[in-house]
Amino acid sequence: MDQYAVIGNPIEHSKSPQIHALFARQTGQDLEYRALLAPLDDFAGTLRDFLATGLGVNITVPFKEQAWSLVDQHTPAAERAGAVNTIQRLPDGTLLGDNTDGKGLVRDIEVNNQLPLKGLRILLVGAGGAARGVIQPLLAAGPEQLCVVNRTVSKAEELATLFADLGPISAAGFEWIEEPVDLIINATSASLGGSVPAISTHLIKPGHTVCYDMMYAKAPTAFNRWAAEHDAARCIDGLGMLVEQAAEAFLLWRGVRPETQAVLEALR
Ligand code: ATR
């Protein structure tokens, strides 16, 4: 049977095997998808061993940047992202690296949550790998402005420079901006530790601004609780993004895009 896997460390809480099993059942595809723990010092070995027979992998924290440097070629999205979350073993044995995180985010916002990004003023909070991975598709959606804000301003400035040719992107520090925006996306890892980036509450226009945390958890994340307390119009978590990025990977591997709504409902 065709073999796929998600590789990370830690990996035991990954929902990807469940998501891909639901996709496979729904589309009538015969495949096996499992979760693999890679040692922190030997991701390359785990990847190589699996892809000796496996057809594709997803990569999660903390190996996406390493995966980028281990593949033979990149899709344009992965090239810019500097990180790979999906690998396909091509018929000649070489490895193609893609990054479906940004596509998944944009699709979750625009399709599942019915919020077209064209013309919006967007704040992207964070400037690590998670933020970098979603900038190209966000700019491609045609916002009026995409401002990257980060606790360490220099990292936001680096990203703004790196993507400047793709659209209206700027950089700022947390305390520099107060003007309300249409959409705030949290791409920091702060929610993991239950904290909220120290951005101004004035960035939320009550009843108007939509807040999106790329993280998800059973209970609302710290960022989404903060957004709700300040009357954000909507507080969305990253579960939809997770399902949509998985659907993009499934499409790359199997040539068919699963219907995500039913899977999202099953997971909720
Ligand atoms: P990831 O791959 O998840 O993006 P990362 O590359 O380590 O991980 O980046 C983490 C991001 O979360 C950074 O933007 C970091 O800000 P700094 O660059 O200033 O370190 C941000 N971050 C983490 N904890 C945070 C907190 N408590 N408040 C604000 N930003 C935080």
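**Loops, a helix pair and a ligand**

Modeller: Let's start with Gln114, which sits in the loop between α5 (101–112) and β7 (121–125). Keep in mind that this is a predicted model.

Biologist: Okay, what is phi of Gln114 near?

Modeller: Phi is near 55° there, a positive value in a residue other than glycine. Most residues other than glycine have a negative phi, and most peptide bonds are trans.

Biologist: On peptide bonds, then: which residue does a cis bond join to Pro10?

Modeller: Asn9 is the partner, and omega is about 5°. Pro10 belongs to the loop between β1 (2–8) and α1. The bond from Val61 to Pro62 is cis as well, with omega near 0°, and Pro62 lies in the loop between β3 (56–59) and α3 (64–70).

Biologist: Switching to helices: at what angle do α1 and α10 pack?

Modeller: About 140°, with the axes 10 Å apart. The two helices are therefore oblique to each other, and their crossing is right-handed.

Biologist: Nice. Which residues of α1 and α10 meet?

Modeller: From α1, Gln18, Ile19, Leu22, Phe23 and Gln26 meet Thr260, Val263, Ala266 and Leu267 of α10. These contact residues divide into 6 nonpolar, 3 polar and no charged.

Biologist: And the ligand, which residues come nearest?

Modeller: Of the 15 residues around the ligand, those are Ala130, Asn150, Arg151, Thr152 and Lys155.

Biologist: Which polar side-chain atom lies 3.3 Å from a ligand nitrogen?

Modeller: One from Ser195. On the backbone side, a polar atom of Ala130 is 2.9 Å from a ligand oxygen, and one of Gly129 is 3.1 Å from a ligand oxygen.

Key:
Residues are numbered from 1 along each chain as its sequence is written. This is a predicted model: local features need pLDDT of at least 70, side-chain atom pairs count only at pLDDT 80 or more; totals for chains, interfaces and linings use all residues. Side-chain values use heavy atoms; hydrogens and water are left out. Axes are lines fitted to C-alpha atoms, for helices over the stretch in contact, and angles run from 0 to 180 degrees between N-to-C directions. Helices (H or I, at least four residues) and strands (E, at least two) are DSSP runs, numbered from the N terminus. Angles under 35 degrees count as roughly parallel, over 145 as roughly antiparallel, 65 to 115 as roughly perpendicular and the rest as oblique. A crossing is left-handed if the near helix is turned anticlockwise from the far one by less than a right angle, and right-handed if clockwise. Contact means heavy atoms within 4.5 Å. Ala, Val, Leu, Ile, Met, Phe, Trp, Tyr, Cys and Pro count as nonpolar, Asp, Glu, Lys and Arg as charged, and the others, Gly among them, as polar. A residue is near a molecule or strand if one of its heavy atoms lies within 4 Å of it. A polar contact is a pair of N or O atoms within 3.5 Å; within protein, one must be able to donate a hydrogen and the other to accept it, and residues adjacent in sequence count only if both atoms are side-chain atoms.
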